[in-house]
Structure formats: structure tokens, C-alpha cells
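Hi,

Here is the structure I said I would pass on.

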Amino acid sequence: MHRSTTTAAAVLAAALTAVVTFSGAPEAEAATGCRVDYRVTDEWQGGFIASVDVTNLGDAVTGWQLTWSYGGGQTVTQIWNGTVRQSGAQVAVDNVSYNGSLGTGATAGFGFVANGPTTPVPASFALNGTACTGSAPAPDVLAQAHTAGRVTKSGQYSWPGIYFEGRFRGTGVGIALNDSVNEFDVQIDGRTVATLLKPGRTTHWVNNLSNAEHTVRLVKRTESPWTTAGEFGGFVAASGGEILTKPAARTRQIEFIGDSLTAGYGNLSTTRDCSANGGVDRNTNTDLSFGALTARSLNADYQVNAFSGRGMVRNYNGGQAGTSYRTYYDRALLNVDGDVWQNPGTWHPQLVVVGLGTNDFSTALNPGEQWPTQQSLVTAYKAAYQEFLNKLRTRYGSGTTILVGVPQASGTFADAARQVVEERGDSRIRYWNFGDLALDMVGCDWHFSQRDHQLISGRLGNVIAGLNLAW
């Protein structure tokens, strides 16, 4: 419709509740999602009236500013239910005193008069600096859950031993997961209350707790290098409760790098043949590996970046030629070629324990492998180990202590690893041989048993006590 200038002026006189105010930007919180409905409700030669509704799809805010730009030379001259600033094509509308609070899902509306054409209609709006795309943002699942592991911003993970820790008040808590491959323990106030066996997409609830503050911990027991990454969806409070600020990160940090022996492969089994007692996954618990046990005894955060069957240069029995543990080490998601974990800047371990070599040397070389002799394999192993130590040194700095661990009292592996350390000449790179006749190796497929992991953890604790770590 087109109205005369006189008619339009009469309409405005009745509608205006606030006049144009040129002011600075408000002290508004960041919004995390929004939707805007922009409508031209009247127009005439050289001007128009517009109505705008903005819906907050993110966290509640107590002050808002909506911004956009005009592409046709339009200028706002009067406004109601808001205050406006305009600089060239850029328009910013701030809330007024009575409509500044905008909860999740709430809508605020304002209208204005502008000079200029009705087109082009602005297409890009932002609420408190966040683009209004019309949809809610993905939740920050780590905002209220502590983890030290290699987890993506969306909560995806691959490595064994990944854990998530939270705090809540109330009589119950839900744990949101999407994982049909792995097995998990759920711990409340330090006690395991449930084991989730390949749970799929679910929210697992723990209820009937005392109405008080509690801690919750979800820990991944199993390996899953070849599958689609699992996904943690966060903790959810039961009715009447609330999720509290996440636990603080621990000041001590330890990274464990290795193969199946480090991952805790089959450590719950009491027989080396696991075909009749549930298989390897059901008998594996990385949370009871020597690394996890040692870290918890020292109140340290930890990563268990272990991959069964992988060696420094050669995998078990020469499998997957052309790859090694080093192919995967930098990844967060092991099944994604070229993936690189983005350290959030919080992971700076004072101690790194490396155990790679069992798979390089435990089986005889096969015809056609790239190493014609055992000595050529040793040479390649030592050179690759030095390169790997260079990477760790560059990444974590000269203050980090590195233990080169060997689970065999003697032999080619033990000799090669010892020579790596000797040739390095770095006082903060140490050789740690934990081969012992007391190890029974009755876990699945001749791996460490739970008793073995406890024994190794105790011995590692003694070694760490003598390192004078700066933590």
C-alpha cells in the first residue's frame, strides 16, 4: 500500500514510544543463536515503515543489540521499542529498559521509519555479534564436563581411556552418548555404578541418589580405532537438580603412548584364550591399565594414546605395511585420514611415557618386507624413535621428562630402546625397563593381567618419585 506523507506522519505520531537515540553499544552478553523476522508494513514514495522480531535461540541475555546493513542507501529516522545508531549502511538497534532481558526462545519486537527504498531487504542480521541463522547452535558439551583426552569440540573421541568428569546437585544425572562400539564405566562419587556395553544413542540415567552435590565420571574402557568416532553429548541434571561448574583441571599431567600393553588389552581376563569368556572388548578396561592407575595415584590428568598392534616402524607380523603408530599419533579421530587433534592449549604434560617396540620385534620378518635383515629393522627403529622424540620435545618443551619404557628384560627391543636413550644424551629422557619374571601375562593373548598392571603401576610410581618432576 502507498500512503500520503501526511497520513504516514499521523500514523507515526500514534505509534512512537521512543525516538531515535544515537548511543554507544550496550554491555551485552554474547548470544549463541537467533532468528529474525523483518517485515515492511507500510511504504510510500521515498520511505517505509518496518517491523522486526528477533528471537533468541541461545542462552538468556540481559541486554541485546541487533545489527544489519542496508544495500540501498536506506536511513532509519525514527524507532519505537529500541534505540538506534547508524553509520553509513551499518545499523545497530539496542534494547530499551523494559525489553532487555531475552530468555532462551523469547522474542523482542521493534519498529522503525526509514527513508529510502524498501529493497534490497537486509539478509544478514547479528544478535550481540552472533549471526542469526535461524537455528540453535550445537551445544558446547565440554562447557560443564572436564576432560584431558583428545576430544573434539563437538564431543567426538577415538582413543582408549577417554574420560569426562562433571559435578551436579540433585537426586540423579543423565549421561548423553552416541556410541554403538565402545564400552564405558559410569562412576558416581568415585564408585562405579554402571557399565555401558555398546550403548548406542542414549541418555543413561543414574537416579535415586541423595539430594546433594555429587561427582560423575564417564570413562571409555575399550579401543575403537577403525570405527566411526563415538560422541559424548554432555551431562543432564534430573528434575529439580542442576549441573554445576565442571571440576578444575589437575595441575599434574601424564601422557602414555604405546600399543596394546599400554591400552590394557584383555587385562580383566584370567585366561589367555578369551574366545569363551566374552572376547577382548569385554575383557579390556583401560581405566585399570598401569597408566590410568599411576595417574590417579598421583592425582594427575592423563591421556592413554595407545593403539594395539602398532609399532614405531613395523606393525605386528608386518601388517598394514607403510603405516605405523606414528601414522596415527597426531589424530583425535583415528579413523579419519589426516585428522589432527587441536590441543585447546591446556595439555602440557610434565611426563610422557612411551612404550613402542613390542610389535616391531615380536615376530620374524616376512619375505618382501622393506627391511631385509633384523639389523636394518633395528636401524630404522632407532632413527624413527629419535624423530619421534624430536616431535615430543618440540611439542612439549625441554622441561618435559620422557620415559622410554621396555617390558622385556633383554633382547633386540630392549637393546635398541636403551641405545636410543644413550645416543640421545638428554638428561630428561630416561630408559625404563620393567621386564620382570613376576609378570604372569595371563590377559587375553598373552597380555598383562590386572595384577600385572597393578604391579607395573607400583614400580612406575617409584620411578616417578625419583625424577624430581616440577609439578
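How much space lies in the largest pocket? About 580 Å³. A pocket here is an open set of points on a 1 Å grid over the protein atoms alone, with protein on both sides within 12 Å along at least five of seven lines. Grid points are joined across faces, edges and corners, and the volume is the space filled by probe spheres set on them. The largest pocket has 29 lining residues (an atom within 4 Å of a point), and Leu 261, Thr 358, Ser 362, Trp 446 and His 447 are the closest to its centre. Helix 2 and helix 6 (358–361) are the elements that give two or more residues to this lining.

Before going further, a word on the source: this is a predicted model, where local features need pLDDT of at least 70 and side-chain atom pairs count only at pLDDT 80 or more, while totals for chains, interfaces and linings use all residues. Residues are numbered from 1 along each chain as its sequence is written, and side-chain values use heavy atoms, with hydrogens and water left out.

By class, the lining of the largest pocket has twelve nonpolar, 13 polar and four charged residues. Nonpolar covers Ala, Val, Leu, Ile, Met, Phe, Trp, Tyr, Cys and Pro; charged covers Asp, Glu, Lys and Arg; the others, Gly among them, are polar.

The second largest pocket holds about 470 Å³. Its lining runs to 24 residues, with Leu 142, Thr 147, Val 151, Pro 344 and Thr 346 nearest the centre, and splits into eleven nonpolar, eight polar and five charged.

There is also one cavity of 30 Å³ or more, a cavity being a set of points where a 1.4 Å probe fits but cannot get out. Of its 16 lining residues, Thr 262, Phe 290, Gly 355, Gly 405 and Phe 434 lie nearest the centre; eleven of the lining residues are nonpolar, four polar and one charged. Strand 21 (351–355) gives the largest share, three residues. Helices (H or I, at least four residues) and strands (E, at least two) are DSSP runs numbered from the N terminus.

Last, helix 8 (residues 412–424): its 13 residues reach 18 Å from first C-alpha to last, close to the 18 Å expected (1.5 Å times one less than the number of residues). Gly 425 follows helix 8, with a positive phi near 70 degrees.

Cheers
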